[in-house]
Amino acid sequence: QVQLVESGGGLVQAGGSLRLSCATSGRTYGMGWFRQPPGEEREFVAAITWSGFSTYYADSVKGRFTISNAKNTVYLQMNSLKLEDTAVYYCAARHRPGDPRTRYSYNYWGQGTQVTVSS
């Protein structure tokens, strides 16, 4: 069993930055960030293998968001935030290879952290 604890969400103005953190209780194959805007489905944001060798991004965040990891923590640096980035952000962990962009590849989920971007 892997436990995930997210932190770093909050309220920020459009164009600003936030960094999300996700502390894990154990090693996994890979980690990902997903988000769920109000009234919408949960969607892929970014993913990274445990080694950090491979990273993946949704087109909507490419060039603005950066995923990284160090020790047992995965980070999501979010720059140039837009109103449409407002969502609950979830950290997730997976134990085996698979499509890192689909939520069904992940075995464990954090509790979520709210990110609100204001105009």
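Which residue is the bridge partner of Ile-48 in β6? That one gets its answer in point 4; here are my notes on the way there.

1. First, a reminder that we're looking at a predicted model. Residue numbers below count from 1 along the chain.

2. The disulfide. There is one in the structure, formed by Cys-22 and Cys-91 with their sulfur atoms 2.1 Å apart. It ties together distant parts of the chain: Cys-22 sits in strand β3 (residues 18-24) and Cys-91 in strand β9 (residues 87-94), 69 residues apart. Both cysteines, Cys-22 and Cys-91, are buried. As for handedness, the torsion about the S-S bond of Cys-22 and Cys-91 comes out at about -80 degrees, so this disulfide is left-handed.

3. Strand β5 and its β4 neighbour. β4 (residues 30-36) runs antiparallel to β5, and six bridges join them.

4. Strand β5 and β6. β5 also pairs with β6 (residues 55-57), again in the antiparallel sense, over three bridges. Back to the opening question: the partner of Ile-48 in β6 is Thr-55. In this hairpin there are five residues between the strands, and Gly-52 has a positive phi near 80 degrees.

5. How enclosed is β5 (residues 43-49)? Six of its seven residues are buried, so the rest of the structure largely encloses this strand.

Terms used
This is a predicted model: local features need pLDDT of at least 70, side-chain atom pairs count only at pLDDT 80 or more; totals for chains, interfaces and linings use all residues. Side-chain values use heavy atoms; hydrogens and water are left out. A disulfide is a pair of cysteine sulfur atoms within 2.5 Å. Helices (H or I, at least four residues) and strands (E, at least two) are DSSP runs, numbered from the N terminus. Buried means under 20% relative accessible area, exposed over 50%, partly exposed in between (1.4 Å probe, protein chains only). Two strands pair if DSSP finds at least two bridges between them.
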